[in-house]
Amino acid sequence: MNKTVNQKAWWLVTPVLVLVAFNAFIPLMTVVNYSLQETFGNNEFFWEGVTWFEQVLKSERFHASFLRQLLFTGMILVIEVPLGICVALTMPRKGPWVSVCLILMALPLLIPWNVVGAMWNIFALPDIGLLGYTLNSMGFDYNFTQQPVSAWMTTVVMDVWHWTSLVVLLCYAGLCSIPDDYYQAARIDGASPWAVFRYIQLPKLKRVLTIAILLRFMDSFMIYTEPFVLTGGGPGNTTTFLSIDLVKIALGQFDLGPAAAMSLIYFLIVLLICWAFYTIMMRNEEQ
Amino acid sequence: MARIEFKKVRHMYPPTPGQEPTYALKEINQVWDDGGAYALLGPSGCGKTTLLNIISGLLTPSEGSVFFGDTDVTNLATTERQIAQVFQFPVVYDTMSVYDNLAFPLRNRGIDEPTIADRVKQVAQMLDLENVLHTRASGLTADGKQKISLGRGLVRSDVNVIMFDEPLTVIDPHLKWLLRSKLKELHQQIGVTMIYVTHDQTEALTFADKVVVMYDGTVVQVGTPVELFNRPNHTFVGHFIGSPGMNILPGHVDGSDSYYKNNKIQTANSADDGQAGKLEIGVRPEFITFSDQGIPVVIEKIDDLGRFQIVTVTHERDTIKLVIGEDDIVPSESAKIKFDPANTHLYRDNWILENAR
């Protein structure tokens, strides 16, 4: 058979290239542009090299919000993943309650981020909010607008409320895909419920859990709207996570150079952690 | 090890709303001997998996009881019955090594490690798994995994019965044969009762000493492969077993003679007890021959299968199949056929008539 050799097929790739250019490459390059120069308006730019990157990496402020971010993401992962698995395990597999449970689980996911923030803000207000008022009348000293610990607790609980459902739904789908034969074989082998979980359910959930952890990591590491509406990053700077800090620098102080440098560093951190996590999980798979 | 006995076992699944409840199993009364190799054969949906699950204790029958030896096990849980089962799709514990997979049932029963090591080694030897004992079970091929599932049953010394639920479905054809002979060999070696569920007659006939044919929720015949072939109790057994299946033709009687249309037929049993019912004549294609006189037929088709030929003929719109030798000559026109009297049976309402001539 004769093969025609020409490069016409490349035209078919053009739409994708255009799309990627406009939604990823060009915006990213603008940020790169800002991160390497100084501007005073009027479209005048002065070359700065890596000054902004050095400044961001050395700044105490960036270190503090980065640590807060790590702590927050770590906390919500430690809570949401086991909780999600537990809830998924207790959900019914058949019968009329399946759809009821699924809808109830999906509801928090359907609420817009800033609505969630506003809801929890009002819910937790110490003088009029149901949660805040109840806690205080039970004798707890709770005021998330003034106490860092209360603010953290509220933010974490809010995120758990909003996003555990995602882990639950993914795990539930994973559990439903395990054939009945496995459970029957386990019964015949005399396996305890713990052994069933440890040797059948958990290994079969590995893939969906990898996805769930990646999604929850990325989303929580870039969280902005909910804590911004709930606490505004306060009290003080105690709940100022990376993206809140970034917006403060970029739009509050209008320091475009450092903000651009920070964006790039932020982006690389997310990319690096995701890549490392995924590689480790998949390498285990191959063995 | 034990004899298995079913006493009036019936089972009904919870009915779907808006549908008439039907029995998946309509009364089973059976005694299966200790140490036998049984095959449960039947088409999909005939209740064979239901029966298997009742033996293993995954289902409790709606009525009747199941005995292992003298013990009533009807309400015992799976773990208390000491049974093993190999499923259609291989079940292995992916994260464990082959060794740990085989040791798993013993560890769950709190047996000490030295004993476990002994048993696992023994079973691995029987199943040719010694070389892969310390690799991860998830890396094995389907037949290797199926051997592990089987091995998990064999390591336990207290197993009453090992059940196979269409275990060769996902195995490559050339390995099927190997694995099946392995099973047969193991059965002779350890002598434990084995029950093999399948809808493939070749598998059933090669594996089992006794084949249990199920149809529409009942056991229609239990017998050796030869009995099933030579004297099917039910027309279903006739056309389900054998390829091509038995010819089932409409019949009627006049006095003590049996007739197919206007042709008098010599049969092995008789229908002169005067009872009513739909009468049929069953004769296997292997027991029909061309002859000088007999039933006139028109030849429709000849399929040459190498070692034998299948000839399809018609008589007054009824299709009849014959199996003849590779070198036998098929008459060109105005052929006549003859049934072998010893292997021609009369059936009333699908069941064979018991009174022999």
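The legends below describe close-up views of a predicted model. Local features need pLDDT of at least 70 and side-chain atom pairs count only at pLDDT 80 or more, while totals for chains, interfaces and linings use all residues; side-chain values use heavy atoms, with hydrogens and water left out. Residues are numbered from 1 along each chain as its sequence is written, and chains are lettered from A and ligands numbered from 1 in the order in which they are written.

**View 1. Chain B as a whole.** Chain B holds nine helices and 21 strands (DSSP runs numbered from the N terminus: helices are H or I of at least four residues, strands E of at least two). Its C-alpha atoms fill a box of roughly 75 × 45 × 40 Å along the principal axes. Of the 357 residues in chain B, 51% are buried (under 20% relative accessible area, 1.4 Å probe, protein chains only). Among contacts (heavy atoms within 4.5 Å) between residues of chain B at least 6 apart in sequence, 68% join residues at least 24 apart.

**View 2. Surface and charges of chain B.** Carbon and sulfur atoms account for 49% of the accessible surface of chain B, which comes to about 16400 Å² (Shrake-Rupley method, 1.4 Å probe). Chain B has 34 positive and 46 negative charges, and their mean positions are 2 Å apart. Lys and Arg count as positive and Asp and Glu as negative, without His and the chain ends; each charge is placed at NZ of Lys, CZ of Arg, CG of Asp or CD of Glu.

View 3. Strands S12(B) (residues 252-254) and S13(B) (residues 257-260) pair antiparallel over three bridges (pairing requires at least two DSSP bridges). Val253(B) has Ser258(B) as its bridge partner. Two residues lie between these strands in the hairpin, and Gly255(B) in the turn has a positive phi of about 65°. S13(B) is also joined by three bridges to the antiparallel S14(B) (residues 263-265), with Tyr259(B) opposite Lys264(B). This hairpin likewise has two residues between its strands, and Lys261(B) takes a positive phi near 55°.

**View 4. Helix H8(A) and its surroundings.** Seven of the nine residues of H8(A) (residues 180-188) are buried, so the helix is largely enclosed by the rest of the structure. Among them are Asp181(A), Tyr182(A), Tyr183(A) and Ile188(A). The buried residues of H8(A) pack against H7 (148-176) and H9 (193-221) of chain A, and against H1 (48-56), H2 (78-81), S6 (83-86) and H5 (142-154) of chain B. After H8(A) comes Gly190(A), with a positive phi near 75°.

Methods
Buried means under 20% relative accessible area, exposed over 50%, partly exposed in between (1.4 Å probe, protein chains only).
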